[in-house]
Amino acid sequence: TGEVVLTGIIGRLSAELVAAMGVGNAAAMATLAQSVFTWRGFDVGVIRHDFCGPMGFELFVPVAMFEGFEKAVLGGEFGSPIHRASSDFVETRRIEAGIPWPRSEITDEYLPAETRQLERGVSYQKGCYLGQEVVERMRSRNVVARQLVGLRLAGQELPTIGGTISTSSGDVVGKITSAVVSPILGFAIALGYEDQ
């Protein structure tokens, strides 16, 4: 943003690492819970966010200290050194886990209930917001026009993003939003929205 750099830490040791940074309750943090710690005189915001499947944390690091902070984390200042993950790795893991992503599965085209993320990302205890009645009606009636689905594809050829999801008889029932070849599974997988 010009003020902060958003970075993340994921994996089985992520809570231990974030605790060593100064967030003592990291392992007990609920999904999307927030905290702050101070490093070398700068406040770093923390959100528990399992953004690609495994336990994870997003860190909002001031731009002025990011380079030094990154070196400290990668160099093991907070415990065991960690490795930088590529954006392709994160993309693959989040599709394997079925997690929607901004500009792919989370757009103004889809309602929160259609993403299968209501319990994870929508609070019913906060005040009023635009679209609240529609969201509540979908939640209470459990009825949506379409639903996020995971797809297993034959082979390793990736489908076209925005391409259609069709039945074996050729009926179009949805649209593909993300796709990767999973090295763990050995074939192409995708996320998309299927009409209900």
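A salt bridge is a side-chain nitrogen of Lys or Arg within 4 Å of a carboxyl oxygen of Asp or Glu. The model is predicted, so local features need pLDDT of at least 70 and side-chain atom pairs count only at pLDDT 80 or more, while totals for chains, interfaces and linings use all residues. Residues are numbered from 1 along each chain as its sequence is written, and side-chain values use heavy atoms, with hydrogens and water left out.

**View 1. Salt bridge between Glu-91 and Arg-94 within helix 3.** The closest N and O atoms of the pair are 3.2 Å apart. Both residues lie in helix 3, three residues apart, about one turn of the helix (helices, H or I, at least four residues, and strands, E, at least two, are DSSP runs numbered from the N terminus). Glu-91 is partly exposed at 23% relative accessibility, whereas Arg-94 is buried at 0% (buried, under 20% relative accessible area; exposed, over 50%; partly exposed, in between; 1.4 Å probe, protein chains only).

**View 2. Salt bridge between Glu-109 and Lys-175.** Here the closest N and O atoms are 3.2 Å apart. Glu-109 is in the loop between helix 3 and helix 4 (118-121) and Lys-175 in strand 7 (residues 172-182), so this pair links distant parts of the chain, 66 residues apart. Glu-109 is partly exposed, at 39%, and Lys-175 is partly exposed, at 29%.

**View 3. Network of Glu-91, Arg-94 and Glu-105.** Salt bridges with shared partners join these residues into one network.

**View 4. Salt bridge between Glu-77 and Arg-40.** The N to O distance is 3.1 Å. Glu-77 lies in the loop between helix 2 (63-75) and helix 3 (87-97) and Arg-40 in the loop between strand 2 (34-39) and strand 3 (42-48), so the pair ties together parts 37 residues apart in sequence.
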